[in-house]
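Work through the following exercises with the sequence and the structure beside you, and try each task before reading its solution.

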Amino acid sequence: MPRPFHPEGAGQLSVTPSESVRRGAERELEMLESLLALGGLVLLRDSVEWEGRSLLKALIKKSAACGEQVHILGCEVSEEEFREGFDSHVNSRLVYHDLFRDPLNWSKTGEALPEGPLGALRAMCRRTNPGPVTIALDSLSWLLLHLPCTTLCQTLHALSHQDSCPGNSTPVEPVHVLGLLHEELHGPGPVGALSSLAQAEVTLSGAMGQASAHILYRRPRQRPTHQTQWFSILPDFSLDLQRGPPLELQRHADPHTPPVDPTTQLTFNLHLSKEEKEAKDSLTLPFQFSSEKQQALLRPGPSQATSRIFYEPDAYDDLDQEDPDDDLDV
Amino acid sequence: MLAPAEGGLLDLLESSQRPCVLLKVPRKHGKLTLLCDAKTDGSFLVHHFLSFYLKANCKVCFVALIQSFSHYNIVGQKLGVSLTTARERGQLVFLEGLKSSVDVFFRSQEEPHPLQFLREANTGNLQPLFEFVREALKPGDNAEAAWRCPVLLVDDLSVLLSLGVGAVAVLDFIHYCRATVCCELKGNIVTLVHDSGDAEDEENDVLLNGLSHQSHLILRAEGLATGFCRDVHGQLRILWRRPSQLTAQRDRSLTYQYKIQDKSVSFFAKGMSPAVL
């Protein structure tokens, strides 16, 4: 059953207050649903300052709410930490493949997934369940650091195109693959390779405490489209969409420390009284060339005392009236 | 609330963080705190955390690769702890990298030394070091139940890159330490990494960014942009990541300036140093 596809609301700029609530809920549906509408890979690119795991969990919650089963290849956080914040309905639909506790088989107890990370990833390609499935990779960066880039890309391609497997008589639901990528860890080559595999690419950033997602959609047979969405994620991993970037005035005051005026407890005076200000403004600077000064220079009046130099030569001074530079041909 | 006068590092972290303050509230899992320094020396943070956790009666495993035991002991005494005493009564397990690195060459090959990677031409992984840490912090029998949560302290990780270990191997080591110390034993990890800044060290950048993504709290000591100052030694940026309870509005990043004194460090808001007011 194909997933219903909602048109983007990016062109609607003005909404009446009564409609805004409804539109807000619609926009929330639009952002997450439109990300999940296409099969294939959705790449979440995050950074140290703007982390992407909460958005990944929001997408997982959305998929689980739509009745899909979600498989998570967890490499970076423990299962307990990942499941934190989800309600029991969502948690019952999550299958966590634990690559966190012992990914490299150091403990040699046999608990680790056999064949390591690559084997675990390939195992996800072989699905027996015909229902809709979402696969979340937390994270692609970990896999990229431990597997060769080409192998990872080939496996990802196979993962997201399972519906076109030869030998399948029944049409299979498109697979949604969500991949979390930490941008700063990799060079432009691997990131570009993964980006070219993705149907939708979400780059997380933000300003002044408010997160934003820049989404690039690559729909088949259509031009790539961009959308920027400001949002925040609530404690239950539902999305709260904002209309636009945060207003500067709201975020100016730091709620913890009140603004301190450094001029209050000084031992000297930094303020000017009214008379002092007037006197300061009317002062003429000695080297400023004003019209009075120009007149004074042009008219060498008698008030100008001519300056004379009185010179008392010392005993050893050589009073040679001849100019020593006379022979210079300058 | 931090007054523009003195404040210790702990008061700083406590006043600006809501629940789950370091040791007071039982948590579901421990925290990884990343210390990093850029254009300055961030080792004062290592000394602070070492003395803090020892005073708080935690079992500490200190992988000290940079300085000798006596150095940390002397600084620790100024901060009020005796490392010798702590080591003798089993509270502190101290791996002195400078001294024991020589042992690697004079030991028989059967038992892997924690710094075994120094012997290998192609440095594989840091698994022996991880086994050492796990052995040191594993909960013992009831006689040792007096200690509180275990803590792993590493000073520092950047030197491992200089010793030939790859960045991915160091990240794997910390990954396993997190799985054991933070998740299984509910303890904490504090580690120091240097930020090479303009010197384009790709391996160090991968290490620093990879660790930043794994951390819950990042303390970044930076030198002042304008250069050395006698009264303000640098500025400290605090970044919280992965808070245990997401709130819609939270202070994720704070910046303070500091001055290191003989027995303490005083913090103040930017531009509010008592010396410049």
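**Exercise 1.** Decide whether Arg230(B) is buried or exposed, and find its salt-bridge partner.

*Solution.* Arg230(B) has a relative accessible area of 65%, and it is therefore exposed, since buried means under 20%, exposed over 50% and partly exposed in between, with a 1.4 Å probe and protein chains only. Arg230(B) forms a salt bridge (a side-chain nitrogen of Lys or Arg within 4 Å of a carboxyl oxygen of Asp or Glu) with Asp231(B), and the closest N and O atoms are 3.9 Å apart. Elsewhere, salt bridges with shared partners link Arg45(A), Glu183(A), Glu201(A) and Arg218(A) into one network.

This is a predicted model, in which local features need pLDDT of at least 70 and side-chain atom pairs count only at pLDDT 80 or more, while totals for chains, interfaces and linings use all residues. Residues are numbered from 1 along each chain as its sequence is written, chains are lettered from A and ligands numbered from 1 in the order in which they are written, and side-chain values use heavy atoms, leaving out hydrogens and water.

**Exercise 2.** Find the salt-bridge partner of Glu222(B), and decide whether Glu222(B) is buried or exposed.

*Solution.* The partner is Arg220(B), with the closest N and O atoms 2.7 Å apart. Glu222(B) counts as buried, because its relative accessibility is 12%.

**Exercise 3.** Describe the salt bridge between Glu79(A) and Arg83(A).

*Solution.* The closest N and O atoms of this pair are 3.0 Å apart. Because Glu79(A) and Arg83(A) are four residues apart in helix α3 (residues 79–83) of chain A, about one helical turn separates them; a helix here is a DSSP run of H or I with at least four residues, numbered from the N terminus.

Terms used
Helices (H or I, at least four residues) and strands (E, at least two) are DSSP runs, numbered from the N terminus.
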